[in-house]
Structures are given as structure tokens and as C-alpha cells.
2 protein chains.
Amino acid sequence: MPPLVHRHPLAAQAAEILLARIRAGEWALGHKLPGETTLAAQLGVGRSTMREAIRELAGKGVLDSRQGAGVFVTALDVAEDWDAVLGRATVGAVIEARIAIEAEAAALAAHRRTPTDLRAIRRALAARALGDPDVEFLVDTDTAFHRTVLVAAHNDVLIELFDSFVPRVHRAMTDMLRARPITAPEEDQAAHLALVDAIADKDASAAAELSRAHLTALKEALS
Amino acid sequence: MPPLVHRHPLAAQAAEILLARIRAGEWALGHKLPGETTLAAQLGVGRSTMREAIRELAGKGVLDSRQGAGVFVTALDVAEDWDAVLGRATVGAVIEARIAIEAEAAALAAHRRTPTDLRAIRRALAARALGDPDVEFLVDTDTAFHRTVLVAAHNDVLIELFDSFVPRVHRAMTDMLRARPITAPEEDQAAHLALVDAIADKDASAAAELSRAHLTALKEALS
DNA sequence: ATACCGCGCTCCTCAGACAAGTAGACTAGT
DNA sequence: ACTAGTCTACTTGTCTGAGGAGCGCGGTAT
């Protein structure tokens, strides 16, 4: 979907063909490709064009060229970043994954939260309470609050996962809130306060359960 | 660690400098860079070299050049693939994330598993039981079993996450098992059978709890 | 058997030229 | 005044030819 109306330059076409041949297993993992002059002749393009195609694949981490030695295959396919994966998945599937990590993170946070963590969580909760009518502001402060819980869990992997999931859900949340605003803001805020209290009390199972309940409701609203 | 003993060609250096300037915010997200000739003159390299640098960043998804218009910024930084993130994290942190997704997946599988899923899970469990002394085989069959549970959860995001985590944990598991083999294989197999039964009985909370207990034990062993 | 050297192959870099495409300015017609 | 068409300057795309630099292999002398 990036091109649509975007003629492919020869270099890009050459890169595609080359990648296809690598995927097809024409050259094994550490093996050497034919020289650029040979490849250029095979595809019927100039050397510089061929070099640019190789550079593009080198940028993707598929090829590595060493002066004097040749061009070598360093990966049989491009490494997919999670934005690409999340783009293919449904919002429901993403939120289910979010439930998994946030519930676990809440439980971990109940064990590991420091006084500093707790202060940050409470501050984020207070910011969330400011009854701003702007939907964007509402979603952002809510996201910021949830993130402080993740930070309190002290697990880098979970934080990275959270940061990846949020942008995917953000749009869906704003659209949903614009169409159907929160009916009872006080009730919503109270639910979040209960989560904070559970973390403060080091009650891991309660924290996990409250987090799960909140996100499950969100999932229902978005599906 | 990729370079180590690997002189950087001019094109690679130019790409690095360019990326640094983009990261520094010199050009905003959709904005246009100076022309190739201008940039080449700025960095003191030939235009072909500059073009290769641009192509490399285009391969990383940071730049996009359109004939007649110019070169445009499409991302303010390279998208990180999860192998890089997981490489920085500790094995303990990765397993904690694995606990999060596998426990949730077990619960979802208890609800959504089809008869076909159940057959696949039982087949994988049986393969696991073959008391092969080879550690590699043991880890692989165990991984394959856990994956069938993920598949039964019918959530693509969770499966992708699992597939990403496994290679990171694989090495640690084989090393651990080689140093200290399983003392009671029958007991271990029984624990897995209990998980299967819970999924078959559609007992979500039991499935989640059994999965969590099993992986927590693994985490203790590996930390 | 080992150490050294040379040679061919490969990638790296540059310069110049022309083609192809875009976008804004300019102009003519309504 | 507004719109449509054209024109032009600037940009990226492609090719060619040339020389430089590094690597690896085989030959040779010790």
C-alpha cells in the first residue's frame, strides 16, 4: 500500500527481484552473491543501479557487502518490526495482548513498586481526573497513567510491548470516545483508584484482576 | 557489534551522519531534504555515494525519494525489530513477558479451542513424552507443545510474540538442562497433562494458573 | 612445510552526461 | 478575477567510464 501511484524505479525493482531470489533459497545464508557486474547484466541494468539495489537490501539487513570479498547474505528475509505485525492484526487481538501484559505488569508492580513509582502513579491518576472535555487529552492522560504502572513493574520488555501496542489502540479509542463519551467519569476514576490502592497494598492478584476487568471492558467497547 | 573489524565505507558513514541529523530533528517528519548534490557537497562525497547513503536509509524506512520532487523523511528513527529489543533484555525479563502471554493464551485457549486444536495439543504432548536423552530434542518438543496452546488461543499477536521470545529463551534452557537435567520427568509430564485437561474442560482460570506455575518454576531455574 | 609475494577479482568512489519527472511561475483565454 | 494550459528550473533516475583499495588464492623461494 505504500506505492499505489508511485512508479518503481529500476533500483527498487532490482531489489525486489533480488530479495525474491534470496527468499527462494537461491543463495544460502552466509553465501556469496555473484558480482555486481554479473547481477547488473543479468537484470539488464547499470552497475550503479545494481549497487543501489544492494544498498537498499543492506539497509534492511539482508545483505552485507565487503570490499574485495563480495556481497554476502546475512538474512533470508527482512526482519519484521512489530508495527508491521500489529498493522495486520485486529484491534481486538491487540487489546487481548495488552490485557496479557498489563495484568501481569500490575501484579509485578504490586510486588516491586518503589515509593517513587507510587508517587508517579498517583500523580498520573490525578492528572487523569482533570475533567477536560478534549478526547485527545483524555486518552493521553489515561495512557500515561497506565504506563506508570508498567514502569513500576520494572520490566523493560513489558514496557516496550506496551509502547508498541498503544499507538495501534490510540486511534480506535479516540474514535470510540468521540462517538460515545464516558457516561460515568467518577465511576471510571474510582476503578483506576482501586487499582492504585491494590498496587500500594502489594495485593498482586487484586491488581491483576482490576487491570484485567478494566481492559476487558475496553475491549468490549471497541469490538 | 556488527562492525568490530570492518572499515566503514564512505556511503555508510554518510548514512550514519544523515540519520544522526534526522534524529536531531533537523528535518521534520514529512519534510524535504536538500538535494542530493547539495548534501554530497556538504559531506564532501560524490553524488553516487550520497545516493547510496540515501538508499540505505530508504531501506530502513527512514527516507523516501521521489523523482522530480526530492527526498522526504518518512520516520524520525529506524524501526527496531524485536530481536534487537530482546537482545538487550535479561532472560528473566523475557520469561516474565512469556508468562504474561502464555497464561493469557492458556485462558483464551480454554474458551476457544476447537476439537482440531485439542488433537494437535494432545499429539504434541505425546511427542514430548518420548524420553529422548537429547536435550535439544527435549527443548524443541516442549516448545512445540507450548506453541500448540498458543495456536488454540487464536490470536495472531500472541503467537508472534511467542515466536519472538522462544529463540531468546532456547539457549538458556538447553544450557540449564545440560547442567541440571530434569529430576522427575513423569512429574513434569503430569503437570503438562493437567494443563491440557484444563483447556479441554474449558476451565480458563485453572489453565492460566497451571501455565503460570510451570513457567514461574522455569524462571526460577534460569535466574 | 612455511612464509612471502604477486595477481586477479571484487567492491568503493568519483565525475560527467542525459533522461524522466515534479512543482511552481507565467501566460492566455474566458 | 479566475481558470486552464504551457514553460521552465530543479530534482531524482540511470548509465558509462575510469581509477583506487582491499581480499584471497596460488605460486615461489626459503
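A residue is called buried when its relative accessible area is under 20% and exposed when that area is over 50%. The structure described here is a predicted model, and the terms apply to its protein chains only.

**Helix 2 of chain B**

By that criterion, helix 2 of chain B, which runs over residues 36–43, has Glu36(B), Leu39(B) and Ala40(B) as buried residues. Seen down the axis of this helix, the buried residues fall within an arc of 100 degrees, and they therefore line one face of it. An α-helix has 3.6 residues a turn, so residues three or four places apart point the same way. On the other side of helix 2 of chain B, Thr37(B) and Ala41(B) are exposed. The partners of the buried residues are two further helices of chain B, namely helix 1 (10–23) and helix 3 (47–59), against which they pack. After helix 2 of chain B comes Gly44(B), which has a positive phi, near 70 degrees.

**The surface near DNA strand D**

DNA strand D is surrounded by 21 residues, and the closest of them, Leu10(A), Gly46(A), Thr49(A), Arg47(B) and Arg51(B), are drawn from both chain A and chain B. Of the atoms of DNA strand D that come within 4 Å of the protein, 57% belong to sugar and phosphate. Arg47(B), by contrast, has a polar side-chain atom 2.7 Å from a base oxygen of DNA strand D. The elements giving two or more residues to this surface are helix 1 (10–23) and helix 3 (47–59) of chain A, together with helix 3, strand 1 (63–66) and strand 2 (70–73) of chain B. Helix 3 of chain A gives the largest share, which is three residues. Sorted by class, the residues near DNA strand D are five nonpolar, ten polar and six charged.

**The surface near DNA strand C**

Around DNA strand C there are 23 residues, of which Glu36(A), Leu10(B), Gly46(B), Thr49(B) and Gln67(B) come nearest. At least two residues of the surface near DNA strand C are supplied by each of strand 1 (63–66) and strand 2 (70–73) of chain A and helix 1 and helix 3 of chain B. Helix 3 of chain B provides the largest share, again given as three residues. The classes near DNA strand C are six nonpolar, eleven polar and six charged residues.

| Residue and atom | Atom of DNA strand C | Distance |
|---|---|---|
| Glu36(A), backbone N or O | phosphate oxygen | 3.0 Å |
| Ser65(A), side-chain N or O | phosphate oxygen | 3.4 Å |
| Thr49(B), polar side-chain atom | phosphate oxygen | 2.5 Å |

In soluble globular proteins, nonpolar side chains tend to be buried together. The largest nonpolar core of this model has 99 residues, and those with the most contacts inside it are Val157, Leu161 and Phe165 of chain A and Val157, Leu161 and Phe165 of chain B. Helix 5 of chain B (residues 91–112) contributes the largest share of this core, 13 residues. If residues up to four places away in sequence are not counted, Phe165(A) touches Leu86(A), Val94(A), Ala97(A), Arg98(A) and Ile101(A), as well as Val157(B) and Leu161(B).

**Two buried side chains with polar contacts**

Glu104(B) lies in helix 5 of chain B, and it counts as buried because its relative accessibility is 8%. The side chain of Glu104(B) is joined to that of Arg212(A) by a polar contact of 2.3 Å. Apart from neighbours within four places in sequence, Glu104(B) is in contact with Glu96(A), Ile99(A), Ala100(A) and Arg212(A).

His192(A), in helix 9 (residues 185–200) of chain A, likewise counts as buried, because its relative accessibility is 2%. A polar contact of 3.3 Å links the side chains of His192(A) and Arg128(A). Setting aside neighbours within four places in sequence, the contacts of His192(A) include Leu125(A), Arg128(A), Asp142(A) and Phe145(A), together with the histidines His146(A) and His214(A).

Technical notes:
Residues are numbered from 1 along each chain as its sequence is written. Chains are lettered from A and ligands numbered from 1 in the order in which they are written. This is a predicted model: local features need pLDDT of at least 70, side-chain atom pairs count only at pLDDT 80 or more; totals for chains, interfaces and linings use all residues. Side-chain values use heavy atoms; hydrogens and water are left out. Buried means under 20% relative accessible area, exposed over 50%, partly exposed in between (1.4 Å probe, protein chains only). Helices (H or I, at least four residues) and strands (E, at least two) are DSSP runs, numbered from the N terminus. The arc is that of the directions from the helix axis to the C-beta atoms. Contact means heavy atoms within 4.5 Å. A residue is near a molecule or strand if one of its heavy atoms lies within 4 Å of it. A polar contact is a pair of N or O atoms within 3.5 Å; within protein, one must be able to donate a hydrogen and the other to accept it, and residues adjacent in sequence count only if both atoms are side-chain atoms. Ala, Val, Leu, Ile, Met, Phe, Trp, Tyr, Cys and Pro count as nonpolar, Asp, Glu, Lys and Arg as charged, and the others, Gly among them, as polar. A nonpolar core is a set of buried Ala, Val, Leu, Ile, Met, Phe, Trp, Tyr and Cys residues joined through side-chain atoms within 4.5 Å.
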